[in-house]
Amino acid sequence: MLPRISTVRAGSLPRDPRTPRKRQQRWAAAFVTVAAIAIAIVVMTSSHSHKWPEAVRPATFVGDSTCLSCHGEKASFEGTAHRITTQSPSRATILGSFTSGENVLRNANSDLHFRMDADSTGFYQTAVFAHGADSTSRRERIAIVAGSGRGGQSYLYWKGDRLYQLPVSYWSSNHRWINSPGPAYIEGQANFARGVAPRCLECHATWIEAVPDLSHENTFQAQGAILGITCERCHGEGKTHVATEQSPLHSLHSPQIVNPAHLTRERQMEACAQCHGGLGTPKIPSFTYVAGQRLDNYVDLPVPGPNETVDVHGNKVALLERSRCFRESKMTCTTCHDVHRTQRDTTALSGRCLTCHQEQSCGLFATRGRAAVAGRCVTCHMPEQSSNLIVSALEGEKKQAQMRNHWIKVYPETANR
Ligand code: HEC
Ligand code: HEC
Ligand code: HEC
Ligand code: HEC
Ligand code: HEC
Ligand code: HEC
Ligand code: HEC
């Protein structure tokens, strides 16, 4: 077969390529080739631009300072609770005191106390059992500071490649060391054995590599961890976006980064629910979900029954969804919150209510007048309440974290506030 074809082709090839007709054919062939290559490039790049941004990894992480070199208006993000929710230990990041006299936590068990101290090698928590000459102790080094300190901080330590929580935390409202919250920490005992699951850092960090280990889910690869919630934790990896925006052809491409504002309402809620929708049960490894995808493919979140109490800590989404405001409007979390800046002024936030309501629509307006309601909507309709999940035992007392109930409704007990 082959020789025959080549014979035929050879026979039909022009002897003199410089005749005008043959030149035209060559130009046409060259044009077709160039056009084919151009079409191939367009097809390849457009299929590329339909790819959804991936979850960030050390190899695709550009970091907030790179993002801010073009998006300087988002610089206020760097001071938010999200950004500093996990940090490396330092005098500045650990809010508890190492000063002698303030660095000891005593409790109901007089045979146990904790001491926090710092030297050139790091910051330590030591549990001291019994007194005087018989005393024994256990000392561990703080490796990760968890919590911005809005309410408090907890501290994590490494034992080999396993990560554990330390028994002493910090409580901001009275500026002191306290027993770590939760049922794992019983006053008078020193529990160093509470392992830190990947989901903990999925809510509090940008990335850490969990090492699959069926018997110890707290096994990680410490190197390459990216602490704090950074831009790319919510927006997806930035490397492709930055390369796209720096390319001379950038106007031909989609930005290759997630803008949650462009998602459907349900996907927008899920972008926050991955961390504010309750603990849930992961279906696949942590740090794989990217805003814009269906969250239920990644984690099974609790769906509280209609009469089930939902704690003010943890599941803001379920509480908000119970509100008539939410059910009878297109409200999302970003109706009130701009996550790129710190907003704790409840007077300013009460202004958000007035994008849908009027002061006059409050039942108290008619009887008690404008002054009773103006700028105070949040005080009564999203009251601050105690969490039953973040509870610390101290000196026989229970210390409960305070949070805003996101179920917006009439709380009759607030009428006289
Ligand atoms: C080289 C400059 C540059 C850098 C660096 C950069 N961006 Fe952008 N970004 C842009 C430009 C320009 C646009 C507008 C693109 C458009 O509308 O086509 C944009 C758009 C966006 C959008 C909106 C996308 C949309 O679809 O509406 C988001 C979100 C975003 N950037 C986030 C980030 C994040 C996060 C980082 C860091 C990982 C980052 N950017 C780094 C230049 C940059
Ligand atoms: C499902 C997501 C999620 C998981 C898992 C999670 N947290 Fe949190 N954590 C939050 C959210 C959200 C807040 C803010 C309070 C709120 O909205 O309830 C918070 C608050 C905190 C605070 C208080 C911060 C402050 O300054 O007020 C500390 C400390 C903390 N978490 C530590 C941990 C540790 C340590 C773990 C794991 C052992 C953990 N959390 C697991 C989401 C999570
Ligand atoms: C906790 C999640 C979260 C983090 C972290 C975050 N963003 Fe956003 N970002 C959002 C959401 C939600 C929107 C859409 C609603 C809005 O604009 O507030 C958005 C919108 C944007 C937009 C497009 C709309 C606009 O306002 O121009 C840009 C650009 C952007 N973010 C950049 C950044 C940069 C840069 C950082 C880090 C310095 C960052 N974001 C950190 C959630 C986040
Ligand atoms: C990766 C997990 C994560 C995502 C995604 C996330 N959050 Fe958070 N958020 C947290 C944690 C953890 C805290 C507690 C931080 C602390 O105080 O240490 C927090 C705190 C907050 C706070 C309190 C800020 C303050 O000043 O104290 C607000 C408001 C908030 N988140 C809103 C949102 C909204 C709205 C979204 C969706 C656009 C969102 N978050 C997405 C984990 C997340
Ligand atoms: C995005 C629009 C929107 C925002 C923002 C909003 N609401 Fe509403 N709210 C509604 C709608 C719609 C209803 C149901 C119809 C009505 O009562 O007007 C409602 C109902 C209510 C009710 C009656 C609840 C019940 O169970 O009967 C109260 C109280 C209320 N809102 C207070 C507030 C407060 C306080 C804020 C601010 C913290 C707020 N709303 C923010 C839209 C909104
Ligand atoms: C109608 C307005 C409104 C909406 C919508 C809203 N929040 Fe809030 N949020 C507030 C107010 C007001 C506060 C109290 C501000 C403060 O003390 O920092 C608050 C506080 C918070 C806090 C700090 C912890 C606490 O409870 O005191 C977190 C976390 C938070 N919101 C997350 C969310 C998430 C996630 C969504 C969406 C499910 C959401 N919020 C929707 C008004 C709103
Ligand atoms: C001092 C506490 C308090 C403050 C402040 C307050 N409210 Fe109210 N609000 C109430 C109480 C209590 C009721 C129920 C009154 C009744 O039914 O007579 C109510 C009723 C309402 C209702 C009607 C609910 C229904 O039955 O349909 C709306 C809407 C509302 N408030 C919105 C607001 C807005 C918006 C603000 C801020 C401008 C505000 N409230 C400030 C306590 C308060």
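Q: What covers the buried residues of α7?
A: The cover includes α5 and α8. Keep in mind that this is a predicted model.

Q: Which residues of α7 are buried?
A: Met269, Glu270, Ala271, Cys272, Ala273 and Gln274.

Q: How far apart are the end C-alpha atoms of α7?
A: They are 16 Å apart. The helix has 12 residues, and at 1.5 Å a residue these should span 16 Å, so the two values agree.

Q: And what about side chains along a helix: which residues of an α-helix point the same way?
A: An α-helix has 3.6 residues a turn, so those three or four places apart do.

Q: What follows α7?
A: Gly278 does, and its phi is positive, near 100°.

Q: Let's turn to the ligands. Which residues come nearest to ligand 4?
A: Ala81, Ser148, Cys272, Cys275 and Cys333. They belong to a set of 23 residues around ligand 4.

Q: Which elements give two or more residues to that shell around ligand 4?
A: Three do: α4, α5 and α7. The largest share comes from α7, with five residues.

Q: How does the shell around ligand 4 split by class?
A: Nine residues are nonpolar, 11 are polar and three are charged.

Q: Now ligand 6. Which residues come nearest there?
A: His276, Cys333, Cys336, Arg344 and Met403, out of 20 residues around ligand 6. The elements giving two or more residues to this shell are α7, α8, α10 and β16.

Q: Where do α10 and β16 run in the chain?
A: α10 covers 346-353, and β16 covers 397-404. α8 covers 316-322.

Q: What classes make up the shell around ligand 6?
A: There are 11 nonpolar residues, five polar ones and four charged ones.

Q: What about ligand 2: which residues come nearest?
A: Gly147, Gly151, Cys200, Cys203 and His313. Around ligand 2 there are 22 residues.

Q: Which elements each supply at least two residues of the shell around ligand 2?
A: β7, α4 and α7. Of the elements, α4 gives the most, with four residues. By class, the shell has seven nonpolar, 12 polar and three charged residues.

Q: Tell me about β7. Is β7 largely enclosed or open, and why?
A: It is largely enclosed by the rest of the structure, because six of its eight residues are buried.

Q: How many bridges join β6 to β7?
A: Three, and the two strands run antiparallel. Ala146 stands opposite Ser154 of β7.

Q: What lies between β6 and β7 in their hairpin?
A: Five residues. Gly147 in this hairpin has a positive phi near 105°.

Q: How many residues separate β7 and β8 in their hairpin?
A: Two. Gly160 sits in the turn, with a positive phi of about 60°.

Q: How does β7 pair with β9?
A: Two bridges join them, and they run antiparallel. Gln153 stands opposite Tyr170 in β9.

Q: What holds strands of a sheet together as pairs?
A: They pair through backbone hydrogen bonds, either parallel or antiparallel.

Q: New topic: the open sheet. What is the strand order?
A: It goes β2-β3-β4-β5, four strands with antiparallel pairing.

Q: Why is one side of β2 and of β5 left without a neighbour in the sheet?
A: Both stand at the edges, each with a single partner strand, so one side of each has no neighbour there.

Q: By how much are neighbouring strands of this sheet turned against each other?
A: By 20° on average, direction ignored.

Q: How many bridges join β2 to β3?
A: Three, with the strands antiparallel. Val104 has Arg115 of β3 as its bridge partner.

Q: Last, the whole protein chain. How many helices and strands are there?
A: 13 helices and 16 strands. The chain has 417 residues, and 28% count as buried.

Q: What share of contacts join residues at least 24 apart?
A: 54%, counting contacts between residues at least 6 apart in sequence.

Methods
Residues are numbered from 1 along each chain as its sequence is written. Chains are lettered from A and ligands numbered from 1 in the order in which they are written. This is a predicted model: local features need pLDDT of at least 70, side-chain atom pairs count only at pLDDT 80 or more; totals for chains, interfaces and linings use all residues. A residue is near a molecule or strand if its C-beta atom, placed from the backbone, lies within 6 Å of it. Ala, Val, Leu, Ile, Met, Phe, Trp, Tyr, Cys and Pro count as nonpolar, Asp, Glu, Lys and Arg as charged, and the others, Gly among them, as polar. A residue is buried if 20 or more other C-beta atoms lie within 10 Å of its own, exposed if 12 or fewer, and partly exposed in between; C-beta atoms are placed from the backbone. Two strands pair if DSSP finds at least two bridges between them. Two residues are in contact if their C-beta atoms, placed from the backbone, lie within 7 Å. Axes are lines fitted to C-alpha atoms, for helices over the stretch in contact, and angles run from 0 to 180 degrees between N-to-C directions. The expected span of a helix is 1.5 Å times one less than its number of residues.
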